[in-house]
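I opened this entry to write down what I looked up in the structure. The notes follow the order in which I checked things.

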Amino acid sequence: MLKLGASNPWMIVLLYVLTIVMLLITLTIHELGHYTFARIFKVNVKEFSIGIGPRLFSKNNKRGTRISLRLIPLMAYVMMDSVQLREVYASEKKDKNYKFMMQKKPKGTFLLEEVKTWKYMFIMFGGVLFNLVFFGLLCGIVLPLVHLETGNFFNPFVSLALSFEAIGRDMIFIGNGDIFGQIGTIANGNLWWLSMLLSLLMMNLITFIFNLIPFPPLDGWKVVGKTYRQFHHKPINEKLENALTIIGLILMLWIFISGIVCDIIN
């Protein structure tokens, strides 16, 4: 997690809430990249959701995509129409989402598996591309502000290296919970807004790097799976993929929980 140098307990709570908001913004930008390229290549998108869990609000746009706001603000996702999705719901007629998921796709749109491989790659890498572009824009705005307000220079790539080191130490509970490296030392409690902007900058960089890793459920793995099917004309072994997905989810959860625990301890 992020140490911001605030001594007021309520300020600390506020900063943690704002950090979660920054994370949600980062993940929404990522999913917006997938959504944009899916639209460009006319893949039918069933839902664009900000948050997970019970729906607080939803509305269908003119293209039939459900835009949702959900209760738990820890992630965002884009659900694209696909053969796999329809196979899941084909035997779930009692599910309240059955009719929505199984309805005929709009004319002129495609299922995800129907697009050419190069288009699929653009859709899968659209998320990291948006994170990278947003990171670049933030660098042009935030880094000069850091120098103006503090007189210091912030190097996001040095902070990235420190972040990965901190994540590793946190995972074995010998870290201090400060996964954003230099931020805590550059911005004090009076510059909390600058800390938030730096957090947003680093979250986009880290999301970009992580999603290039070819391990489920990250985007890099989806590209590997598509490439494997292209050359071997069959999917990756389902049991192997399911096992790796479970391991990947456990690791992501462990990183999140260990960071919180180390932050509380320190």
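I began with Asn 44, which counts as buried because its relative accessibility is 3%, under the 20% cut-off. The model is a predicted one, and I read every value below with that in mind.

I then looked up where Asn 44 sits: it is in the loop that joins helix H1 (9-40) to strand E1 (45-60). I listed its contacts, leaving out neighbours within four places in sequence, and found Met 80, Asp 81, Lys 105, Pro 106, Thr 109 and Phe 110.

Lys 42 is in the loop between H1 and E1 too. I noted its positive phi of about 60°, although Lys 42 is not a glycine. For background, most residues other than glycine have a negative phi.

Next I checked His 233, which is not a glycine either and has a positive phi of about 55°. I placed His 233 in the loop between H8 and helix H9 (238-265). Is His 233 buried or exposed? His 233 is exposed, because its relative accessible area is 72%, over the 50% cut-off.

I also went through the peptide bonds. The one from Pro 216 to Pro 217 is cis, with omega near 5°. Pro 217 belongs to the loop between H7 and helix H8 (219-232). Most peptide bonds are trans.

The largest nonpolar core has 19 residues. Val 142, Val 146, Phe 154, Leu 194, Leu 198, Leu 201 and Met 202 have the most contacts inside it. Which elements give two or more residues to this core? They are H1, helix H4 (117-150) and helix H7 (192-210). H7 gives the most, with nine residues. I found a second, separate core of 16 residues, which includes Tyr 35, Ala 38, Met 121 and Met 124.

Last, I noted the overall figures. I have nine helices and two strands for the protein, running α-β-β-α-α-α-α-α-α-α-α from the N terminus. The radius of gyration is 20 Å, close to the 18 Å that the globule rule gives for 266 residues, so the protein is as compact as a globular protein of that length. The C-alpha trace spans about 55 × 40 × 35 Å along its principal axes.

Of the 266 residues, 42% count as buried. Among contacts with a separation of 6 or more, 66% are between residues 24 or more positions apart. I recorded an accessible surface of about 15000 Å², with 68% of it belonging to carbon and sulfur atoms. The mean positions of the 26 positive and 16 negative charges are 13 Å apart.

Definitions and conventions:
Residues are numbered from 1 along each chain as its sequence is written. This is a predicted model: local features need pLDDT of at least 70, side-chain atom pairs count only at pLDDT 80 or more; totals for chains, interfaces and linings use all residues. Side-chain values use heavy atoms; hydrogens and water are left out. Helices (H or I, at least four residues) and strands (E, at least two) are DSSP runs, numbered from the N terminus. The radius of gyration is taken over C-alpha atoms; the globule rule is 2.2 Å times the number of residues to the power 0.38. Buried means under 20% relative accessible area, exposed over 50%, partly exposed in between (1.4 Å probe, protein chains only). Contact means heavy atoms within 4.5 Å. Accessible areas come from the Shrake-Rupley method with a 1.4 Å probe; for residues, only the protein chains shown count as cover. Lys and Arg count as positive and Asp and Glu as negative; His and the chain ends are not counted. The place of a charge is taken as NZ of Lys, CZ of Arg, CG of Asp or CD of Glu. A nonpolar core is a set of buried Ala, Val, Leu, Ile, Met, Phe, Trp, Tyr and Cys residues joined through side-chain atoms within 4.5 Å.
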